[in-house]
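Try each task before you read its solution.

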Amino acid sequence: MLKLIITKFWPVLVVITIYIICYIFILKQQKNRSKAKKIANFYYLIIAIIIAAIISIFLFFWSNTQSNTRYYIPAESKNGEIIPAKIK
């Protein structure tokens with residue numbers, strides 16, 4: 001479950017958080033709010049998407065590099081005897 005949350009939902013939360021933080025800083029710097037909104041909507045959203053993409057790629061490769069040596073052996077029949085399935 002934790003792997004699902006990290007790989008699927010965490011990048012979205014990172015983008016939203018970075019966007020909100022940057023938007024707040026821009027509003028404090030600019031006196032003209034319409035100009036601040038234009039800057040925040042394009043410039044910092046692109047930066048947040050790039051950062052989220054980098055984090056997503058890192059998490060994807062991190063989750064795929066963990067050694068998973070377990071595999072499924074299906075049930076089989078040998079000499080009329082049924083050998084049950086197992087996971088090794």
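**Exercise 1.** Classify Val12: is this residue buried, exposed or partly exposed?

*Solution.* Start with the cut-offs: buried means under 20% relative accessible area, exposed over 50%, and partly exposed in between (1.4 Å probe, protein chains only). Val12 has a relative accessible area of 46%, so this residue is partly exposed. Next, place Val12 in the fold: it lies in helix 1. Helices (H or I, at least four residues) and strands (E, at least two) are DSSP runs, numbered from the N terminus.

A note on the model: it is predicted, with local features needing pLDDT of at least 70 and side-chain atom pairs counting only at pLDDT 80 or more, while totals for chains, interfaces and linings use all residues. Residues are numbered from 1 along each chain as its sequence is written, and side-chain values use heavy atoms, leaving out hydrogens and water.

**Exercise 2.** Find the residues of the largest nonpolar core and the elements they come from.

*Solution.* Such a core is a set of buried Ala, Val, Leu, Ile, Met, Phe, Trp, Tyr and Cys residues joined through side-chain atoms within 4.5 Å. Here the largest has six members: Val14, Val15, Ile18, Cys22, Ala48 and Ala52. Helix 1 (2-29) and helix 2 (33-65) each give two or more residues to this core, and helix 1 has the largest share, with four.

**Exercise 3.** Describe the overall secondary structure.

*Solution.* Count first: the protein has two helices and four strands. Then read from the N terminus, where the order is α-α-β-β-β-β.
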